[in-house]
Amino acid sequence: MNETLTIRTTINGRKRTIDVAVNHTLLDVLRDDIDLTGTKECCVVGECGACTVIVDGRPMNSCLMLAVEIDGKEVTTVEGLELDGELSALQAAFLDESAAQCGFCIPGQLMSATALLAENPDPSVEEVQEGLAGNLCRCAGYEQITKAVLAAAKGVPR
Amino acid sequence: MSAQSVGSSPRRGGGYGRVTGHQEYLADIKLPDMLHVKLVTLDVARARINSIDVSEAESLPGVAFVMTAADLPDPMPRFGPQFQDRPVIADGETKYHGEPVAAVAAETKDAAEEGARRVKVDYEKLEGGIFNVTDALAPDAVLVQDPSLRGDSPFAQTNVIDEKRFGWGDIEAQESDLVVEDNFQFPMVTHFAIEPHGFMAAPTGDGIEIWSTIQHPYLLQKIMAKMLQLPLSKVRVHAPDPGGGFGGKQIPKFEPLVAFMALRAGRPVRLVLTLDETFQQVRRSSAEIRIRAGFTSEGALTFMDVETNFLVGAYVDIADRVVSKSSYAAAGPYRIPAVKIIGRTIVSHTTPSTAFRGFGIPQIGWARESLIDEAALQLGMDRLEIRLLNLARYKEAFIPMEEADGDWEQTVRTAAKRIGWGDPLPPNRGRGIAVGLKSGPTTGLSYSTVRLLYDGSAMVYAGTSDMGQGARTIFAQIASDELGVPVEQISVVMGDTAVVPYDQQTSASRSSVLMGTAVQRACFDIQGKVRAMAAELYGVDEAAIKIDSGNLLLPDRDVAIVDAMQQALAPLGGEVIGNGEMRKQKDPNHPLGGTAAFFEFNCTASEVEVDMETGHVTLVKHVTVGDVGRSLNPQQVTAQDDGAAIQGLGHTLMEHYIFDDEGRIRNIGAIDYRILTSMDLPLEMHSESIENADGPGPYGIKGVSEGSLLVTAPAVAAAVREATGVLIRDLPLTPQRVWEALQEAKDGS
């Protein structure tokens, strides 16, 4: 068996104590150990952005972080964006702009965009494109995604 | 009355799950007590497998067993949509880099991976691997496929699977003022769906359940039933919405392997590929195209002669159909008195190619449109005018048994206007324009069931796979208008052969037209039933009741279909069920087995700026205009167009497999194989639809999902040529390739 460590972390607002294998990434633990499968696995080398989550306010590729690194930290995944059953402004804008096509990259896009707007609530087109450059979309809904982020930025904050 | 849904853009069906993380893709599904599978591959393309020692792997804690060819029936079961040539697992010899030789089943992913590392394969690299067309066609070439698998093919002793010959008229008899000829190449590129392929299987006692990221669940069901000698009713295929397909997920790959492993284990097993593994399993066919064409001094085409060698890979998959279908339309949308077309399907020791958006047309279109430009240059003609002059007009027969099904001139003129054709250009800028044509489906069979539920909501059952094109939304819109049920009260059920009736496949941009018609007919069936119920209820002659947009028009008043249904079914409740079928029959006289249901016609125009020092191409403006019949959901049509255009820009500017001389792909994965990011987009992008309601689908629609990448490459390359004066005949147009061409031109002048 793999060596494990016990970590204490907050995921989507819920405090958790989890035993994680020391060699497992945050992505492994989210998807396989605690069934938060909204975070997607694609390239596992930090290039595609499908596994992006927010750790202490920063967007991170969860495939490049060991799970033990989130000990004492706060993690938000796509499942944590809805608040009291209400979609976030970004989620709603993604629906309105048809930004989610096959949808597989969308959790990562949403997390990068959430982090971007937290840092820069009124970004330009170029700033959105740069902020999301690490999130590949093969349906290539980049135009729709950019529009959705700009629309959400202009909307009333939740 | 409900608002008209067709022509509007309601929120996407399945959209909520996609923005909340609740959408269940294959890899998100866990089966109780399942084993995890890891493939064992060799770092070589062509090798003889002498022996495989699984003992160390099988002794690891957590490893259940290792599957090799020795554990499968003898002779090795083989399968494929056209030829039964793909083995369940490599049998005695690997034929491409990444072909699995063993598969480890274990209790955990970690154990499976560790087990895979401990499988000892004794193999020797074989010389003579075939990695390009020239080697494949050499007289002493090693045969990629065993001739005994080739049946009575006249080509069985060669690496040619088949040679397609099409054409009309006598090309030698034509008088031309100008003849141009050239050779072009198109590289191997991969689909790169963000969701890697995945497969699961579970024995059910008297049958099997399969889960797959597949686009064609019913094809998979048929192949599995045949291989396991089970009735179709005992093979249940679950096909969760794929996370991107683009053709790469049409044809079964490792489903038979996981099925045999599940049967051996007596437990569910699951294999989810990594992105890197997926790179080694699916790609677009590369091609070498020789093309020659004659023109009058006025620019009218006199003949065209096209010969394409497609290098399809180790197993044929659906590639031979790619070759025939694209070859048949090789001459494009032009009026040409004489045409000669040859297309060859050539096997090699490389990743098996499969369907990929455009289905062979981007390869041939690249050559044809580039050659038309060369002719225009030599004739001193405008590149737009030469196309308009030769373009087939509406209803004109331009290929045997096919006629132009749209106002293509309007499409081309719209694109030209959008790009600013003829406007003065700044230095180092250029524009290009190209036209692309692809046959839609030549046969089809789609069934749909629609249930109008007592509360006035509805369920649509359709065997299409919604892989991002938005089929759920389209079907809901059709049902909404026909039944008068709001879109948001309609659920569309897909992806389970035990629940949803048969559909031939999700390919060739067919679903809105073919399945859409089946859905509409299922709604007509419900309308008829409710009309009969209303006639009895209201004491009216059935023939006197007309139906319009979800309403029954009685002689004295209008009643919503939903209201009439509720009154008729009270007090017990219940529902009204409708069935619809859409069949596009085979035509044995047609060289492709059937006429095109529609054509996807697209005009692509591009403006670029080239950095003469570095060879970097900046896309200043990119325009695609499609002849779509009618835009049933404008937002989704635009998304498909933009997406196709961006994918086309990928193979035009940056995507290609790089091989070493041993046939190993050297740029596997997201770091070394680049696709466009949000930073690589054209500075301006437009997609536009020509809507004349002249398509065969509901409300006059045609298929739309491929048009915008058919001729991306020639449009962009033509713009580069105008900006720089250099003609490039191979893709992608990387800065290095452009820079080298610029240097060569400089040195030569």
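In the predicted model, chain B is assigned three domains: domain 1 (15-22 + 444-584), domain 2 (31-127 + 191-279) and domain 3 (286-441 + 590-748). These bounds come from an automatic or database domain assignment. Residues are numbered from 1 along each chain as its sequence is written, and chains are lettered from A and ligands numbered from 1 in the order in which they are written. Because the model is predicted, local features need pLDDT of at least 70 and side-chain atom pairs count only at pLDDT 80 or more, whereas totals for chains, interfaces and linings use all residues.

The C-alpha centres of domain 1 and domain 3 of chain B are separated by 38 Å. Between these domains, 18 residues of domain 1 of chain B are in contact with 22 residues of domain 3 of chain B (contact: C-beta atoms, placed from the backbone, within 7 Å). On the domain 1 side, two or more residues are contributed by each of α12 (471-483) and α13 (514-538) of chain B; helices (H or I, at least four residues) and strands (E, at least two) are DSSP runs, numbered from the N terminus. This side of domain 1 of chain B comprises five nonpolar, eleven polar and two charged residues. Ala, Val, Leu, Ile, Met, Phe, Trp, Tyr, Cys and Pro are classed as nonpolar, Asp, Glu, Lys and Arg as charged, and the others, Gly among them, as polar.

Overall, chain B contains 17 helices and 30 strands. Its radius of gyration, taken over C-alpha atoms, is 27 Å, close to the 27 Å given by the globule rule for 749 residues, so chain B is as compact as a globular protein of that length. The globule rule is 2.2 Å times the number of residues to the power 0.38. Of the 749 residues of chain B, 59% are buried (20 or more other C-beta atoms within 10 Å of the residue's own, with C-beta atoms placed from the backbone).

At the interface between the chains, 43 residues of chain B are in contact with 43 residues of chain A. The elements of chain B that give two or more residues to this side are α1 (15-20) and α15 (634-653), and α15(B) provides the largest share, seven residues. The chain B side divides into 19 nonpolar, 17 polar and seven charged residues.

Chain A is assigned domain 1 (4-80) and domain 2 (89-154), with C-alpha centres 21 Å apart. Their contact takes 14 residues from domain 1 of chain A and 13 residues from domain 2 of chain A.

Note on methods
Contact = placed C-beta atoms within 7 Å. Buried ≥ 20, exposed ≤ 12 C-beta atoms within 10 Å, placed from the backbone.
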